[in-house]
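Welcome! Please open your viewer, get ready to select things as you read, and take the stops in order.

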Amino acid sequence: MSLPFLVFFACAILAVAGAIVLIVAREPIHSALALILVMMALAVLYILLGAEFIAAVQIIVYAGAVMVLFVFVIMLLNAGVEERTDWSKIAKWIGLPLGFFLLLEVAHWLAHSSVGKAVANGAGGPQTAFSTTELSTALFRQYLFPFEATSILILIAILGALVLARKAE
Amino acid sequence: MEFISQHPVLVVSVVKIAVLLFIVMTALAYLTWFERKVVAHIQSRWGPYYVGAHGLLQPLADGLKFLFKEDITPPASDKLLYVLAPFLALSLALTAIALIPFGPPGVRVLGQPVFVVSNVDIGLLFLFAITSIGVYGVALAGWSSNSKYPLLGGLRSSAQMISYEVSLTLSVVGVLLLAGTLSFNGIISGQGGYWLGFIPRWHIIPQIVGFLCYLTAAIAETNRVPFDLPEAETELVAGFHTEYSSFKFAMFFMAEYANMITVSCLATILFFGGWLSPFPDSWKWQLFLPGAGLLLLGAYTAYDTAVVMRGIARIQFAVVTLLALGGGAICLIPPVAHVIQGPFWFVTKVIVFLFFYVWVRGTLPRFRYDQLMSFGWKLLLPVSLANLVVTAFVILFLARRG
Amino acid sequence: MSVVPVSYYLVLSGILFGLGVVAFVFKRNIITIFMAIELMLNAVNLAFVAFARAHNQLDGLVFVFFVIVVAAAEAAVGLAIVIVIMHNRETLNVERVNLLKF
Amino acid sequence: MLLLNHLWIILVLPLAGAAINGLLGKNWPKVIVNWVAISSVSLAFLAVLELVREFSHLADSQIPYGGNYFNWITAGNFRIDFALQVDQLTVIMLLTVSFVGMLIHIYSTGYMAHEGGYYRFFSYLNLFMFFMMTLVMAANLIVMFVGWEGVGLCSYLLVGFWFLKQSAISAGKKAFITTRIGDFGFTVGILLAFWTFSSVDFGAMFRQAATMTPDTMSHAGVLTAIAILLFLGAIGKSAQLPLYVWLPDAMEGPTPVSALIHAATMVTAGVYMVARMNPVFSRAPIAMLLVGIVGALTAFYAATIGICQTDIKKVLAYSTISQLGYMFLGCGVGAYAAGIFHLMTHAFFKGLLFLAAGSVIHAMGGEQDMFKMGGLRKQIPVTYWSMLAATLAIAGIPGFAGFFSKDEILDAAGSGPHANIWLWLLGIIGAGITSFYMFRLIFLTFFGSPRYDEHKTHVHESPKNMTIPLMILAFLSIFGGWVAAPHLVGGPNHFEEFLHPVFAAYAPTAGVEQGASLAGSAGKSGGVAPSGGMELLHSLTGPPVIVAVIGLLLAWWLYIKRPDAPAQLAKKMHGLYTLVYNKYYVDEIYAALIVRPLLWISTNVLWHVVDEGIIEGIVNGSAHVARGSGSKLRELQSGNARSYASWVVIGAVGVTMLLLGILGMVH
């Protein structure tokens, strides 16, 4: 059991645990923290996969900004304990079982499907980290247009948020 | 055992972490003393004076006091988070420091660089990552206390931190463009060399605007005066840590100072050439500056010991004198002097920044909340953006010129 | 240093995604439902990175980058909506926000 | 060869006039509208003259000279080009149409001077010219059909020109619908023609037809079918029995319209078509016979109705029908040239008659009843003289245009290759009646004492722009027929010779008599037959002339000598009189047999049962189904976000399953 495996399983368990906590926790803020935990674990996994830049972005943007926003809103709205109303029969009798089924299905597929195997056998080429320089080059050369598009998207999102959150005169 | 021998990294890292932790803790403790002294003198007071000579033992006393105080956990609070919050704050603050290289990477033990705990080649990003997490400590503290003022304080601080983090990051990007790398060592060594033979090629000169932005944003980021609205006594009692007492409170306290240190280190690295000496290498005598400095200190304390001090204080000062003189003597030994060189300059610069922090605190009044926000979004952010754009264009232009 | 097979990551991402789906259906609180979506996005990101590693290509990372950006935008707007809902309906329970129906 | 190579110019001119007036003319002063309309038509006429000049230089081998302008329709092997062509027949028609058309345009500027919708009128008129010329110059049946329907449209528009008058509107509709019935046959004929010759191009069709064995009386084939079907169209368009009923009503339109469309040009389109399709008709004796019979019957029948009409324009309308009958009779007995000849002369004198009648009506201030006129001879001399000339022409008094053409026809009917004594007889009697009712018209209108209130109506001669066309046409009515004059004195018949190639080109080998008849007529004058003098005498004293004179005298006796006689006569044979006076109740019969049942079916079956019952039933039913299913389905829209989420999950699972299946198959 070498180090990478240790790290991987530790993070994997953390992530899954976090996800489960996210589900069972009744306090929204606990869910939020659980999610942050998941993100952290994933960040570590990214580093393990050699994607340091993505890991950093994951933490800065996701954990550091998005989730802070969530927590902030939770605090702002003083969101209390989640009331477990159960009015949606379909969600109870079909949605959830199917959700779990999907879980198993996807996991099983990724594990045993020929795609999963093929990738596994490929075992991920050389383990040298992706160079951030190349990534940025790709981002600003090859994917320049989508990049600009996302910037527009964000601008729109900002405006939308402002309009929505504005006090109704 | 064989596991350890397999992974020397772990061993070295553990040792380094232990040492760093000790140093930083002490530094934190005496930083409080430093701050109180400076502020006191700014306000023409003596400041802590009686616990030890010049209050040198004051931090110790404070620490003890914190330890022995009753640790109250409000019954209505969210226990888990209430406990988690201070740990989060402090641990993150300390983790950040682990990324800081205090000296050149050349100095190695077991093939591992000595002056940095974890040498990541995108260190800066990671530092930001960690500082960006830092907000949770405050926010959660505010929330879990389950009481009005902490909640407001938490809200304020999280809002403030998010807002200023943006301009903080942006103000640094200019430097990144110049350096072309994310690793601290890269950035620092990029600042080697001199203009006209004696002006160091630090980023402060081309990036003066970025530096000012960074400084402002950094102060806000660490919730220090004049941006310390999260704990604005007049409005929110003590802000997010109102409900905290005893050691948990202490942890928040330390976290804040740790953040100060981190930010100062970052400023040093990014704008002031980290562990590089301000003087040309040709000036050999600079090797002996640390030793000389210590010796001077020793001389001063010796004089005090002999003339001013009375009673127990005199004994204490004698100890200080001995330490100073001894240290100075050791630092004069050339190999040691060589090794000490980097850390010496680094620490010196950091101390200058810390002094600046305290100075600001002693001088400026507190902002109003709306002023804070509008300042952050409407002035700081645009300016740092403009700086970034200009820098980018200039670099492009120069690159074109060849 | 031995390497963790990529399929491990894939399985993990699958599980996380599934949990995200379950949370998506199970949770009643709008904010947590949002989080469930974020969880799913994260799972997908993991898969992306894993595949990027598997084929040793950067594009996967670029995709992750974009996913993160979009998620941020989505969160901004979504949370604004949540705030508005809270102001108007005084509740975060999606089952109570049910005026738009037959 | 400018125009020969650019035939379209001739068409574009009137079209442009129509477009300009129609689109822009609304607020223009009448002067400009006149200018546009008349200049466009006159230019067209000049173009035609130029065309004729160029045409005269063509070698026979180059005729017909065609131009193919663009590929209009292409569907499989069904290919229609917008192609035009010129041959002798076309030339004749073009000259007639454009010239008469121009005159009538000029006349209209005077006649319509006080009418509203001035620009509309001229725009329609130009448009009509365009379509008529298209019809005449068409090089294939489809293009011809375009012109055919186009003139129908213009006729509809112009008959209903005073669209505030209920009678005008219904007259327009009647004209349109009745013609449609014939056009149905025409269309089917076209289809059949294409099916047979796998082309609707005249040249191609005729070449094909020439190779086919002609039908005989005993054995009728596809050619007969085509001919009869096409002839149906002609019946509708040229107002022959039994579809003539629309033409009298069409007199609701302005008089120039009646003159141009319902006398001179459009109604003759049928005749032109039959003549144009002569290769087909010549090979279908039964069809020929049918044409002859219909023509003769119509000639006689319409004439009889003409006797009792009191409305001056109605009289002319029926006379038009009957004259068209003569033309068909001519075609029916194989004397196409004679038919066309009569068409041309008829265009002159009948156009003139209508214009003159119009002038009379104009003078009488809108009065159309002949019994409220009389003694106008002095007041409006120009009109009187020109009308008299036209009457003499139509009555077939020797020396006038009508005489020559009608004589040709009756001659062919009597002694031609397809001679048929009964048709000849009908023709002769019809001729007599014609002259009778025409002179009746003249006498009632211009002679005797005024039967109108002279204080109310101030009779006045029409303005120059109306009288000048009258004079020109009068001149033509008198001398228009002289091209054929030498024939009488045994000389050649220029007109027939000019047209000869058109009708001889594809003449059936079996029926060489076609050519032989000319030869024969030439031979007759050659000397085997009595000498030229005898010939002249023979034709001058021939039955047509005799009956014409009889009719003239009878009319004189009844309406000048004994003005009270007609009434007594009418009393004496009251039944017959009312029968004829009411046009044999044909309209009523049609109404009873066709129109009312049709209305009844449409109302009670198509409307109440089919539409309300079935169609609306289907529509509403589907609506009800949709509504019902919707009201059930909308339950899904529970408003509970978690349910929606569940739906999404279901979909996701489905898709994943699908993917797994596919991937499983792939790998």
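Two residues are in contact if their C-beta atoms, placed from the backbone, lie within 7 Å. This is a predicted model, where local features need pLDDT of at least 70, side-chain atom pairs count only at pLDDT 80 or more, and totals for chains, interfaces and linings use all residues. To find your way, number residues from 1 along each chain as its sequence is written, and note that chains are lettered from A and ligands numbered from 1 in the order in which they are written.

**Stop 1: chain C**

Select chain C. Among its contacts between residues at least 6 apart in sequence, 50% join residues at least 24 apart. Chain C holds 3 helices and 0 strands, and from the N terminus on its elements run α-α-α. Helices (H or I, at least four residues) and strands (E, at least two) are DSSP runs, numbered from the N terminus.

How much of chain C counts as buried? The figure is 66% of its 102 residues. A residue is buried if 20 or more other C-beta atoms lie within 10 Å of its own, exposed if 12 or fewer, and partly exposed in between, with C-beta atoms placed from the backbone.

**Stop 2: two helices of chain C**

Now select residues 6-26 of chain C, which are helix 1, and residues 30-55, which are helix 2. They pack at an angle of about 165°, with their axes 8 Å apart. Axes are lines fitted to C-alpha atoms, for helices over the stretch in contact, and angles run from 0 to 180 degrees between N-to-C directions. Helix 1 of chain C and helix 2 of chain C are therefore roughly antiparallel to each other. Angles under 35 degrees count as roughly parallel, over 145 as roughly antiparallel, 65 to 115 as roughly perpendicular and the rest as oblique.

The crossing of helix 1 of chain C and helix 2 of chain C is left-handed. A crossing gets that name if the near helix is turned anticlockwise from the far one by less than a right angle, and it is right-handed if clockwise. By class, the contact of helix 1 of chain C with helix 2 of chain C has 21 nonpolar, 3 polar and 1 charged residues. Here Ala, Val, Leu, Ile, Met, Phe, Trp, Tyr, Cys and Pro count as nonpolar, Asp, Glu, Lys and Arg as charged, and the others, Gly among them, as polar.

Stay with helix 2 of chain C. Its 26 residues should span 38 Å at 1.5 Å a residue, and its end C-alpha atoms are 38 Å apart, which agrees. The expected span is 1.5 Å times one less than the number of residues. In helix 2 of chain C, 23 of the 26 residues are buried, so it is largely enclosed by the rest of the structure.

**Stop 3: where chain C meets chain A**

Show chain A as well. In this interface, 63 residues of chain C are in contact with 80 residues of chain A. Helix 1, helix 2 and helix 3 (59-89) of chain C each supply at least two residues of the side that touches chain A. Which helix gives the largest share of that side? Helix 3 of chain C does, with 21 residues. The side of chain C that touches chain A divides into 50 nonpolar, 9 polar and 4 charged residues.

**Stop 4: chain B**

Select chain B, which has 14 helices and 4 strands. Of its 402 residues, 44% count as buried.

Next, pick residues 246-271 (helix 10) and 334-363 (helix 13) of chain B, which pack at an angle of about 120° with their axes 9 Å apart. That makes helix 10 of chain B oblique to helix 13 of chain B. The crossing of helix 10 of chain B and helix 13 of chain B is right-handed.

Chain B touches chain A too: 19 residues of chain B are in contact with 16 residues of chain A. Helix 5 of chain B gives the most to that side, with 10 residues.

**Stop 5: chain D**

Finally, select D:Ile394, which lies in helix 17 (residues 381-395) of chain D. Is D:Ile394 buried or exposed? D:Ile394 counts as buried because it has 31 C-beta neighbours inside 10 Å. Then select helix 18 (residues 401-415) of chain D, which reaches 21 Å from its first C-alpha to its last. Helix 18 of chain D is mostly covered, with 13 of its 15 residues buried.
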